[in-house]
Amino acid sequence: MIRRKRPVAGACALLAALTAGIVFPAGAAADEPTGHSAPKVNLLLDVSGSMRAKDIDGQSRMAAAKQAFNEVLDATPEEVELGIRTLGADYAGDDRKEGCKDTAQLYPVGPLNRTEAKTAVATLVPTGWTPIGPALLEAADDLDGGDGSKRIVLISDGEDTCAPLDPCEVAREIAAKGIGLTIDTLGLVPNAKLSRQLSCIAEATGGTYTSVEHQDELTDRVNELVDRAAEPVVTPVAVEGTDACAEAPALESGLYTDREEFGQQRWYRVELLAGQELRASVSVAADRAVRPDYGVLLRAVTVHGREIVRGEAAGNGRTDVLSTGLRYPKPERDDDDSGKPAAEVVCLAVTNSFSADSGVKTTPGLPLELTVDVVDGPDGSGDVASFGLGRGWWLLGALILTGFVAGLLWGWLSRWRFAVWRTH
């Protein structure tokens, strides 16, 4: 029986995939505004003494990093301004205070001269401490100015040795500045504590953490991140929500940033024409220590206070960012609606339930990022919500009919075979 069911299951899976492709067709990418300044990347390399260890493809971690950097420099897109900063490269002593200042810009962020950059990388020798926190602050300053994308790529084989300047708190401070800087981290050692710290740094700014154990993996990942910096980005627009819908700012399609204090509610307004659909999402970041068990609520409300739809999400302290979203399609106007206004004002209300212990600063508010997208609504029966199936209803009908006919044929064939068996 199991053997007989496998082809049927495989066919059903294939047909389901085809149905999904019809029901959820890939949408065309929306035009996105790009920054006028060149994208900037600062490679932040750990050159502490532990980088002497020879455990990456038979060579030292430092040698693997140098080789990776040389290949990355060769492949860096012309439009990307790239720099290299080190941590732990110069001070070899035991004075912790001095060791935690040991960060320097090896190659300045700007138009790339590949020969000069490679020459600078060749001079590196594993030396001292691991001041990740101080180095991140300096690396962020290296990228100051301009409206293009900004990215720090941190490569380290060990945890920060300069607490109490916690690298995670530093990353949250950088994110709170709202300068659009992303920090990606790569760990050269499969260590749980290192992984937690580098993951925390990356998550605070919307970046990624990757553990690499081979030189080619390091090269590929850094190349990928540098290339990503050259991709178009949307620059958020600062906006200030209000305590009531009537005075709320009117928003068009775009990406917006605001601040929302603990337990506060912020209002925004969006105008929606008949036949259009509002798609909105919000993310609230905990850029300081907060109590576990928190939530974010996004509501679409009429100007008269009637709730239309809502999106909500809850967290338990495992992530620094909480997001939710909603969709509201405004129906097309009927002939009988000629006397009604063609546009509707939809009020968006963002509420959070974050809280903090005494002593934690409540101002400025938590960083809030709101995305608003007003698009042409789907056509009646073409809507994904139609019958719960969208444009895949006809395929499901064909499958049902095929199954019915196949069942009849199988039943008739079984009875015929049974009759033949009895006569013989």
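This report describes the nonpolar cores, sheets, salt bridges and one surface patch of the structure above.

The model is a predicted one, in which local features need pLDDT of at least 70 and side-chain atom pairs count only at pLDDT 80 or more, while totals for chains, interfaces and linings use all residues. Residues are numbered from 1 along each chain as its sequence is written, and side-chain values use heavy atoms, with hydrogens and water left out.

**Nonpolar cores**

In soluble globular proteins, nonpolar side chains tend to be buried together. A nonpolar core is taken here as a set of buried Ala, Val, Leu, Ile, Met, Phe, Trp, Tyr and Cys residues joined through side-chain atoms within 4.5 Å, where buried means under 20% relative accessible area, exposed over 50% and partly exposed in between (1.4 Å probe, protein chains only). The largest core has 32 residues, of which Leu 43, Leu 45, Ile 155, Leu 186, Leu 218, Val 222 and Val 226 touch the most other members. Two or more residues each come from strand S1 (40–46), helix H2 (61–75), strand S2 (81–87), helix H4 (114–122), strand S4 (150–156) and helix H8 (215–229); helices (H or I, at least four residues) and strands (E, at least two) are DSSP runs numbered from the N terminus. Helix H2 gives the largest share of this core, with 7 residues. A second, separate core holds 28 residues, among them Ala 280, Val 282, Leu 366 and Val 372.

Within the largest core, Ile 155 is in contact (heavy atoms within 4.5 Å) with Leu 44, Leu 45, Asp 46, Phe 69, Leu 186, Leu 188, Leu 218 and Val 222, when residues up to four places away in sequence are not counted.

**Two open sheets**

Strands are said to pair if DSSP finds at least two bridges between them. Strand S11 (residues 276–285) runs antiparallel to S14 and is joined to it by 9 bridges, and Leu 278 has Tyr 328 in S14 as its bridge partner.

Another open sheet, also of mixed pairing, places its 5 strands in the order S8-S10-S15-S12-S13, with S8 (250–251) and S13 (307–315) as the edge strands. Strand S12 (residues 294–302) pairs with S13 in the antiparallel sense over 8 bridges, and the bridge partner of Tyr 294 in S13 is Gly 315.

**Salt bridges**

A salt bridge is a side-chain nitrogen of Lys or Arg within 4 Å of a carboxyl oxygen of Asp or Glu, and the structure holds 18 of them, including these:

| Salt bridge | N to O distance |
|---|---|
| Glu 224 and Arg 228 | 3.0 Å |
| Asp 258 and Arg 266 | 3.5 Å |
| Arg 310 and Glu 307 | 2.9 Å |

Asp 258 and Arg 266 are both buried, whereas Arg 310 is partly exposed at a relative accessible area of 39% and Glu 307 is partly exposed at 30%. Glu 224 and Arg 228 both lie in helix H8, 4 residues apart, or about one turn of the helix.

**Surface patch**

Leu 401, Phe 404, Val 405, Leu 408 and Leu 409 form a nonpolar patch on the surface, with about 520 Å² of accessible area together. Patches are made of residues with over 30% relative accessible area and no salt bridge, like charges being joined within 9 Å and nonpolar side chains (Val, Leu, Ile, Met, Phe, Trp, Tyr) within 5 Å, and accessible areas come from the Shrake-Rupley method with a 1.4 Å probe, only the protein chains shown counting as cover for residues. Leu 401 belongs to helix H9 (residues 393–423) and counts as exposed because its relative accessibility is 54%.
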